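Please read them with the structure open.

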Amino acid sequence: MSMNASKNHNNLDEIYNNIWECLELGVKERRSDYHTFSLATTDGELSYNRTVVLRGYDAKDHTIIFHTNNLSKKIEQIRKNINVSALFYSRDDKIQIRFMGDAAISNQDDYCDERWNKMYAQSKECYYQNIKPGNYIDNPDVVKTESIDLLSENFSIITIKVNSIDWLYLSANGHTRAEYLRSNNFSGKWIAP
Ligand SMILES: Cc1cc2nc3c(=O)[nH]c(=O)nc-3n(C[C@H](O)[C@H](O)[C@H](O)COP(=O)(O)O)c2cc1C
């Protein structure tokens with residue numbers, strides 16, 4: 001049974017706490033629906049979307065983090081426009097959580113070093129790749145990675161400072177939707193689903 005089956009989805013404060021509990025699960029449990037999310041960026045003109053792994057969160061600072069290659073297109077997009085959106089959906093829980101926020105890039109600093117040192121060798125490899133991600137290639141075989149322990153200059157951590165949360169719960173008894181805004185100290189408001 002899903003962890004949220006017994007949760008109270010009729011109380012704004014409990015929903016709010018549950019949102020961060022879902023992220024806790026996402027970081028710890030590889031099989032959790034919250035382990036990955038869809039990250040949307042824009043370069044000011046077009047919108048882009050991709051799946052990333054949730055690597056951490058801070059409920060006090062209202063931040064969520066993921067790792068990425070500093071040479072990837074999403075970094076170029078974030079440099080042009082820090083506004084991003086992170087979309088989580090759990091089929092089991094029947095919950096969708098949409099975060100909007102500002103993305104900040106960490107690269108080659110103590111924070112990267114600290115997290116890099118906790119990563120598996122296999123995860124480190126993709127940051128030592130001979131061809132820049134997103135480049136055209138003649139054949140998939142031309143891409144090579146190396147196993148190197150030293151912090152890669154391509155390893156970046158993105159911290160999303162959350163500005164708004166839109167939570168939606170689907171139920172046969174009627175859908176429920178709530179919003180939490182930084183500008184309102186994350187005190188919840190019901191909204192029509
Ligand atoms: C299950 C899954 C998890 C992924 N996790 C990450 C991730 O944590 N970080 C990342 O940069 N790309 C991750 N990717 C790859 C991205 O979805 C994307 O293809 C890649 O980062 C290039 O995106 P970009 O060209 O928009 O920068 C993941 C893909 C899948 C399918």
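1. Start with strand 4 (63–69) and strand 7 (155–169), which pair in the antiparallel sense over seven bridges. Two strands pair if DSSP finds at least two bridges between them. Within this pairing, Asn69 stands opposite Phe155 in strand 7. Helices (H or I, at least four residues) and strands (E, at least two) are DSSP runs, numbered from the N terminus.

2. A word on the basis. This is a predicted model, in which local features need pLDDT of at least 70 and side-chain atom pairs count only at pLDDT 80 or more, while totals for chains, interfaces and linings use all residues. Residues are numbered from 1 along each chain as its sequence is written.

3. The hairpin of strand 7 and strand 8 has six residues between the strands, and Gly174 takes a positive phi near 120 degrees in it.

4. Where does Tyr180 sit? Its place is in strand 8 (residues 176–181). Ile165 stands opposite Tyr180. Tyr180 counts as buried because 22 other C-beta atoms lie within 10 Å. The cut-offs: buried means 20 or more other C-beta atoms within 10 Å of the residue's own, exposed means 12 or fewer, and partly exposed lies in between, with C-beta atoms placed from the backbone.

5. Which residues is Tyr180 in contact with, leaving aside its neighbours within four places in sequence? They are Tyr16, Ser164, Ile165, Phe186 and Gly188. Contact means C-beta atoms, placed from the backbone, within 7 Å. Glu21 is 159 residues from Tyr180 in sequence and 16 Å away in space, C-alpha to C-alpha.

6. Now strand 1 (36–42). Its side chains alternate. Phe37, Leu39 and Thr41 point to one face and are buried.

7. Strand 1 runs antiparallel to strand 2, joined by seven bridges. Thr42 has Ser47 of strand 2 as its bridge partner. Four residues lie between the strands of this hairpin, where Gly44 takes a positive phi near 100 degrees. Three bridges join strand 1 to strand 5, also antiparallel. There, Ser38 is partnered by Leu87 of strand 5.

8. Helix 2 has two sides to check. Lys74, Ile75, Gln77 and Ile78 are buried. They lie on the same side of helix 2 because they cover an arc of only 160 degrees around the axis. That arc is taken from the directions from the helix axis to the C-beta atoms. Exposed Arg79 and Lys80 are on the face turned away from the buried side.

9. Last, the ligand. Of the 15 residues around the ligand, Arg50, Thr68, Ser72, Lys73 and Lys74 come nearest. Strand 2 (47–53), strand 4 and helix 2 (73–80) each give two or more residues to the shell. Strand 2 gives the most, with five residues. A residue counts as near when its C-beta atom, placed from the backbone, lies within 6 Å.

How values were computed: Contact = placed C-beta atoms within 7 Å.
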